[in-house]
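Have the sequence and coordinates open as you read.

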Amino acid sequence: MDRKEKIVELINQGYDNVKALSQYFGVSLMTIYRDVRELEKEGKIIRKHGELRLRTQEDLKEEKIDTCAYCTKAVDRRLEFIYHLKNRKVKACCAHCGLLLYKDIKEDEVEACMTWDFITGNPISCYSAWYVIGSSALPCCSPSAIAFASREDAEKFAKGFGGVVTDFEKGVEGIRELMKRGQRVDIKL
Ligand SMILES: [Zn+2]
Ligand SMILES: [Zn+2]
């Protein structure tokens with residue numbers, strides 16, 4: 001059994017802090033701290049106010065990890081694309097899935113749709129955003145669709161990474177076309 005596994009076992013037995021663990025193993029606090037950090041990252045334990053405990057099913061439920069309504073990938077907040085409907089939210093992992101979801105969601109149900117500007121990280125309305133579709137930059141799904149608040153930024157980005165600059169509606173059409181054909185095509189605008 002390696003030390004990390006033993007740490008999990010000890011926490012389960014009631015060892016709830018780094019100091020107690022370092023004394024148990026006779027190693028430095030830093031060494032235990034490093035193991036604890038790794039275990040935290042692996043999602044095995046939780047450290048709160050210096051206290052260690054195992055991560056339970058309850059914790060998982062509370063953390064509510066969002067998944068994309070289109071591709072089921074975990075949603076990264078920097079790229080998320082959210083439709084606010086009357087009674088619920090529909091989240092997509094990125095503009096690619098967000099634009100593809102549009103036709104599955106009844107237009108009249110959507111009260112708002114928001115995403116984040118790729119450069120500034122500011123919230124923007126999906127409908128007024130500009131998109132670079134099919135560029136060589138792949139922050140999430142392929143073919144990629146990336147949202148920008150300004151058309152100028154989108155055009156600059158497309159100059160560097162390729163792809164076509166579209167508004168929301170053309171983006172919905174464009175990403176569908178690309179998905180059908182699989183390869184980059186010229187989108188008629
Ligand atoms: Zn997705
Ligand atoms: Zn995605």
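Leaving aside neighbours within four places in sequence, S144 is in contact (heavy atoms within 4.5 Å) with V132, I133, G134, S135, A137, L138, P139 and I175. This is a predicted model, in which local features need pLDDT of at least 70 and side-chain atom pairs count only at pLDDT 80 or more, while totals for chains, interfaces and linings use all residues. Residues are numbered from 1 along each chain as its sequence is written, and side-chain values use heavy atoms, with hydrogens and water left out.

**Around S144**
- S144 sits in the loop between strand 7 (130–133) and strand 8 (145–148); strands are DSSP E runs of at least two residues and helices H or I runs of at least four, numbered from the N terminus.
- With 1% relative accessibility, S144 is buried (under 20% relative accessible area; exposed is over 50%, partly exposed in between; 1.4 Å probe, protein chains only).

**Helix 3**
- Helix 3 (residues 29–41) buries T31, I32, D35, V36 and L39.
- These residues cover an arc of only 135° around the axis (taken from the directions from the helix axis to the C-beta atoms), so they lie on the same side of helix 3.
- Their cover includes helix 1 (3–12), helix 2 (18–25), strand 1 (45–48) and strand 2 (51–54).
- Just after helix 3, G43 has a positive phi of about 80°.

**Salt bridges**
- The count is 13 salt bridges (a side-chain nitrogen of Lys or Arg within 4 Å of a carboxyl oxygen of Asp or Glu).
- E42 pairs with K4 in a salt bridge, with closest N and O atoms 2.9 Å apart.
- E42 lies in the loop between helix 3 and strand 1 and K4 in helix 1, so this pair ties together parts 38 residues apart in sequence.
- A salt-bridge network links K4, E38, E42 and K44.

Methods: Chains lettered and ligands numbered in written order. Expected span 1.5 Å × (residues − 1).
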